[in-house]
Amino acid sequence: MSGAGFLVDLHRCVGCGSCVLACRIENGRADELAWRRVLPLNLRRHPGGPTYFLSVACHHCGEPACLRGCPSRAYEQRADGVVVHHEDRCLGCRYCEMTCPFGTPKYDERLGVVSKCHLCADRLDQGLAPACVAACPTEALRYQGPGAVMGADARAGVPGFVDPAGCRPNIRFAPPKGARRVVLFAALEKMVRR
Amino acid sequence: MLVTLDEHGGIARIEGDPSNPATGGHVCLKGLGYARRVGYRDRLLTPMRRRRSGGGFDPIAWDEVLGAISERLTRIRATNGPSSVLYYEGSGSHGALGGLSMAFWRQFGGCTTTYGDLCWPAGLEATRLTYGANIHNHPRLTRDSRFILIWGHNPAETNIHQWRLILDAQDRGAIVAVVDPRSTDTTDAADIHVQPRPGTDAALALGLARIIVDAGLHDTAFLGAHAAGFEQYRARLADYPVERVADITGIDPAAIHGLALAYGRTRPALLIAGFGLQRHHRAGQAMRAVALLPAVTGNVGVAGGGWQYANLASHCLRELPLPPEPDGMRAVPVSQVARHLETLTDPPIRAAWIERGNPCSQNPAAPRVRTGLASLDLVVVVDQFMTPTAECADFVLPAKTLFEEEDLVTAYWHPYLQWRAKIVEPPGQVKPESEIWRLLCERFGYDATWFPVDKIAYLRQLLPAGHESAFEALMERPLDLSGRGDVAFADRRFPTPSGKVQFASDEAAERWGVGAVPEYAPLDEGHSSALASRLPLQLLSCKTRDRIHSQFGNLDWVREVERPHVLDISPQDGSARGITDGARVAVWNDRGRIELEARVTPGIRPGVVHILEGWCHEGDPDVNALTAEGVTDMNHGATFYECLVDVERI
Amino acid sequence: MSQSSGNMPLVWFTSLAVAGGGMIASSAWRAPSDLSSQAVGLAFGTIALCTGILVSLSHLGRTSRAPLAVRGVGRSALSHEIVLAGATVAAALALLATYWQGSFSAWPRLAVAATATLFLLSIGRVYHLGGQRTWRGAAVLMPLTAGLACGEVFLQAIGNASIREDSLAYWIVPIDALVFTVRWWTLARNTSALMPQRVDASRLHNLSAARLLIFDAVPLVLLDMHVAGPAIVAVALGLALDRWLFYALADQHTIEVEIARVEAMIERGSRIG
């Protein structure tokens, strides 16, 4: 992947939500909508498929739909690929909520503007990992810098995550492991591709 | 944890402490949740008094509330004696200073306390009887295992730091096998998963041992040198052929074979047992049977191997200096609080002081604890929030959080003693428990010098003999004062009567009246009992990582990410009762009845249902309306998982 | 801009904008055969469009920052729509100002008509999003056809005989009906068993049929019967229904939606296998 982004290890993520809380604490979002969310797939453990969790915030896309559509140019993409939203230029039109196919921008009723994950750009500039990555207790969530080379099994999409709008999201997934889940995951990937 | 405060004294950041070798700089959901908890809108900041009528509480000043409490305590003691007061302390907040409450009660003349433990005592005793001590390898050695057998344990939820290490081992090629009637986040990632009926683990363990021994995979050298009673044990294995074990456990014989051979052939193999394995009447014998498997295969005293249940290496602090124990002390089993509130005499319980616990939600027969308290003349609860237990109180005193008083903290998975610094003042009118006890002592005119003025100096003197100078270092980072190496029993010296691993234990027979060699015995309220014909489903009430039992569950941040509040039921049991996914159901037995939503999940074995424990807010169903006040076969534990129910659609 | 069908400010804004833009276009393109009716059309169209703009401004979280919306020209479809809305109002007012000269000259009125037409197209473009499957395809043309249909019906209703003669209503309204029907058919085809349903099929069909009836069929019949007032009421109601239905049928892709789709496949897959 070309720009900075996240790697989610589907084998290690247990859906605990530490990343969500760490993001809240780091960005002072105590009562507002959280920027990150953790979505279970097949929590019911239907034997027809694997069970895993997708921890998602912003994907800092190569072709960000939010940036392309914003009428006031409130979005800006840094050289490292991080997409930053400038709240002081935001009209609160919420168009980015519509253009983003991932549900990333969050509108704040009280402030009348949207906001989203900025990959802890300040922390990155200090050489620190984003707060969510630092907090992950199983090291499932990782930060990948621009131009990072990932393992051969890292995927741009997995069942449950697709790119319907050509945004080229900078997120990758390491597939789940374990003798039992590997088989279920392979079967699901095949079924979804059909 | 490392906590960064902002300029207003609020929490700006919480991170793991990189100087803790076991957790390695990692933190978890609960640790992060403290950022929300300590300043949460519902936190109690003043003492509260129950209104005389109409329900609800009003704030009351410390002076007044301590006056009212002391006046009533005095009256109750005069009429019924000091042991008519129940002092119940839970494990909601750990620290050496918790013991200071006894400085008051002993001068009061005594009280009724509890003995035993709701969590893990049967397993502790089983391990002690078998290996002589509750110690195990350093967590970091988990990575060196080639086979990790996880039994009755769900580390992906209940020990996430351990889970990370298990995943690391799996990345390096270790096989992960899990024994659990449910499917969990742990079993999802496993390579092997067997699902026995709850309470049949002793049969499974002995069946595995039989296969291992028959295949010649047992470590004869180790057993020859370090086993006591192996021949008696081996004779017992004759009673556990795989067909019988399959019949008892409900596991396919091929799966039992596969697990046994995989465990027996792969070295080093680690066996990690959880508390879930020992929450029934036959807990001690079951734990002994499972605990012996590493010894059978010689996986003891080796890096990457071992039996892992509890590590008490950090429990090395000296006893607190306290007044002498008076005659008026009495104790009841902690798993039978409701019964004793109802029936204890000579004297009966007339008052209760409850701190650091939530027995009206968390104890067996919790609704009866609630009604038992309702009939008392005085109930005082010390807590941070209005829990269901606090709702029963006459007076609620606002409790501190861990950041608001310094203390020394021990552990049970790693050997590190930890210093817990005080980083903020208690907010509002909150006082730490040690301060509450000191004030109460003063009110009664007792000797208050038992309470530290300088807590740091006081805690320093609790360090074990010879380690007093380590205090400064301890304030910088966690310390292992046990003097043991990373590998438990590396020297193959077991502090048992024989100096060896006790495959047969006369002490077990004498002390607890159980068989000298472990055996399987069906549960009184198990799948093969008479009651099962009327209540055919075994109810488990397991823990979730979203909370520590009932703590954190009131926080909005946690409610947003927590697991759903459902009854897990298999498709077979569901369809037999006309229950579809999402339907509203009632779960009931002779002890109680609750209602909630069903989740039909193929992940749970038929005959077993599950409800998470620890829900106690805003109309949540209380699973402890259904659980029994049983006691384990050894060491006074609770029997939460020995619980038959039925379920119906409503 | 939530996905719920209850987002009334957007329904009002787009109804007024579409009707207003269409009335301006229809009033401007034709030769001044009935100048007073065309002037009324321009005026009402301008009022409708301005009201729509005001409604949309009030929907902004930070109304005072509205002027920043022009910064996205060259990149943002929403910027283009906003700029074109303003340009249409300005152009219509400029043309209206020439009313007292007794005529609308050719180049100015064609320029006004073109601006208004581009504006109607730009509304559809705003909703042409990769993450909104039901707003793509024929739906992009709907503000244009519906707007022009409104305009032509309105003018024919209030206009004189020569307007009635060169009215495009009998062309535009059927074209609009066709575009709408194509969209309706595309939606019906795509609601496969694997997709979580947003609006159930029978509701889709009932409301779509109602829209065709009220917006397309009834006004033409009423125009034929020379019943002007009710024809205008019918298009107004029909347009509001059309726009409400547009938002009600929103099917925004989110990760949650995708996961639900896959979970449905898992359930289905096991029933087959």
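**Briefing: chains A, B and C of a predicted model**

Chain C has 10 helices and zero strands, where helices (H or I, at least four residues) and strands (E, at least two) are DSSP runs numbered from the N terminus. This is a predicted model, in which local features need pLDDT of at least 70, side-chain atom pairs count only at pLDDT 80 or more, and totals for chains, interfaces and linings use all residues. Residues are numbered from 1 along each chain as its sequence is written, while chains are lettered from A and ligands numbered from 1 in the order in which they are written.

**Chain C**

- Along the sequence, chain C reads α-α-α-α-α-α-α-α-α-α.
- Chain C has a radius of gyration of 20 Å, which agrees with the value near 19 Å that a compact globule of 273 residues would have. The radius is taken over C-alpha atoms, and the globule rule is 2.2 Å times the number of residues to the power 0.38.
- Along the principal axes, the C-alpha atoms of chain C fill a box of roughly 75 × 45 × 25 Å.
- Of the 273 residues in chain C, 47% are buried. A residue is buried if 20 or more other C-beta atoms lie within 10 Å of its own, exposed if 12 or fewer, and partly exposed in between, with C-beta atoms placed from the backbone.
- Among contacts in chain C between residues at least 6 apart in sequence, 73% join residues at least 24 apart. Two residues are in contact if their C-beta atoms, placed from the backbone, lie within 7 Å.

**Where the chains meet**

- Two pairs of chains touch, and the most contacts are between chains A and C.
- That contact takes 34 residues from chain C and 42 residues from chain A. On the side of chain C that touches chain A, α3 (77-97) and α10 (255-272) of chain C are the elements that give two or more residues. The largest share, 11 residues, comes from α10(C).
- By class, this side of chain C has 14 nonpolar, 12 polar and eight charged residues. Ala, Val, Leu, Ile, Met, Phe, Trp, Tyr, Cys and Pro count as nonpolar, Asp, Glu, Lys and Arg as charged, and the others, Gly among them, as polar.
- The contact between chains A and B takes 30 residues from chain A and 34 residues from chain B. On the chain A side, α1 (18-26), α5 (131-135) and α6 (179-193) each supply at least two residues, and α1(A) gives the largest share, seven residues.
- No contact joins chain B and chain C, and their closest C-alpha atoms lie 12 Å apart.

**Strands in chains A and B**

- In chain A, four of the five residues of strand β2 (residues 37-41) are buried.
- β2(A) pairs with strand β3 (residues 52-56) of chain A in the antiparallel sense over five bridges; two strands pair if DSSP finds at least two bridges between them. The bridge partner of A:Leu41 in β3(A) is A:Tyr52.
- In chain B, a closed barrel of six strands runs β20-β24-β21-β23-β22-β25, with mixed pairing.
- Within chain B, strands β21 (residues 566-569) and β23 (residues 592-600) run parallel and are joined by four bridges. B:Ile569 has B:Val600 as its bridge partner in β23(B).

**A helix in chain B**

- Helix α17 (residues 366-374) of chain B has buried residues, including B:Ala366, B:Val369 and B:Leu373.
- The buried residues of α17(B) pack against α15 (337-343), β14 (351-355), α16 (359-362) and β15 (378-383) of chain B.
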